[in-house]
Amino acid sequence: ITPYEAVTNLYSLPAYGTIDGTPLMAPFYFIFFGMMLSDSVYGAVLALGAWAFLKYLKPTGMMKNLAGVLMQGGISTIFMGLLFGTCAGVGWPVIFRGTALENTFPLIDSSTNPMGMLMVCAAFGIIHMFYAVLIATWNCLKHKDYMGALIDNMCWIFIVSGLIMQAAPMAGLPQGVAEFGKWLAASDVYKRQLYDVTSWLGDVLSYARIFALGLSTGVIGMVLNTLCWDMLFASFKGNPALMLVGFIIVTVLSVALHVFMMLISTLGCFVHTARLQYVE
């Protein structure tokens with residue numbers, strides 16, 4: 001968890017006597033980073049590169065922590081890429097073609113099932129925000145602010161949960177679940193908070209950036225592969241000598257472009273994952 005102090009220090013240190021959010025938010029940072037980068041090869045290269053940087057250059061202070069965050073983010077990306085992404089821009093069904101895993105990975109392909117991936121991101125967003133509300137509730141209870149714990153914090157869980165329950169019939173659940181949710185969301189105890197519901201909706205939609213960055217990584221990777229191998233390398237076919245030269249040129253170009261793409265995507269993942277922690 002210590003490396004994630006680098007992310008906390010980029011913004012501001014917690015005040016004395018308040019909750020240190022670093023250990024509480026580190027698991028979500030780990031998960032969201034991997035979902036955004038979402039390419040297993042990029043994750044492996046990032047993790048190995050950060051590990052080598054730590055082992056051989058032995059940085060200290062903030063640089064050491066940042067390298068630790070990137071190494072853990074790379075490990076997360078290896079697994080999240082298998083679940084939601086690609087492998088150097090190549091789809092997992094292509095890699096596993098002819099095996100029992102051909103139709104298993106990815107679990108949700110954002111390029112072919114965007115609504116499914118958006119729902120997963122929204123669900124993670126709601127869980128993340130509920131988690132933050134529970135932290136705020138605990139902080140209120142710690143300072144004996146019982147009304148603040150109930151009215152200003154826990155009631156948001158009731159409101160949002162009640163609104164979600166309205167979709168129960170669409171999910172095949174009894175109508176009674178939707179009725180209960182309606183009363184849960186409309187209780188007079190916290191009606192004064194309803195003006196801020198749109199803010200919550202906007203925050204949940206912000207988690208679509210996980211989907212957007214994950215999708216862009218896979219799609220751009222596929223485009224790079226198409227340009228390098230299906231178009232450029234195809235132009236060398238017909239002459240063995242030219243094919244050898246073309247293979248070397250295309251390999252070097254492909255690796256360089258993927259490394260550049262990985263670096264740009266990593267920067268975006270670092271920034272947007274931190275934003276989800278501090279804003280939403």
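Begin by selecting α3 and α11 in this predicted model, two helices that are roughly perpendicular to each other because an angle of 65 to 115 degrees counts as such, and the angle here is about 80°. Helix α11 covers residues 240-278, and its axis and that of α3 lie 11 Å apart. Show the side chains next: Y42, V45 and L46 on the α3 side meet H258, M261, M262 and T266 on the α11 side. Sorted by class, this contact holds 5 nonpolar and 2 polar residues, with no charged residue.

Stay with α3, which spans residues 40-57, and move to the loop that joins α2 (22-37) to α3, where S38 is found. The phi of S38 is near 50°, a positive value in a residue that is not glycine. Is S38 buried or exposed? With a relative accessible area of 2%, S38 is buried, because the cut-off for that term is under 20%.

Now select K58, in the loop that leads from α3 to α4 (61-84). K58 likewise is not a glycine and has a positive phi, of about 50°. Its relative accessible area is 59%, and K58 therefore counts as exposed, the cut-off being over 50%.

Definitions and conventions
Residues numbered from 1 in each chain as written. Predicted model: local features only at pLDDT ≥ 70, side-chain atom pairs only at ≥ 80, totals over all residues. Heavy atoms only, no water. Helix = DSSP H or I, 4+ residues; strand = E, 2+ residues; numbered from the N terminus. Buried < 20%, exposed > 50% of the residue type's maximum accessible area, 1.4 Å probe, protein only. Axes fitted to C-alpha atoms, helices over the stretch in contact; angles between N-to-C directions. Parallel < 35°, antiparallel > 145°, perpendicular 65-115°, else oblique. Contact = heavy atoms within 4.5 Å. Nonpolar A, V, L, I, M, F, W, Y, C, P; charged D, E, K, R; others polar.
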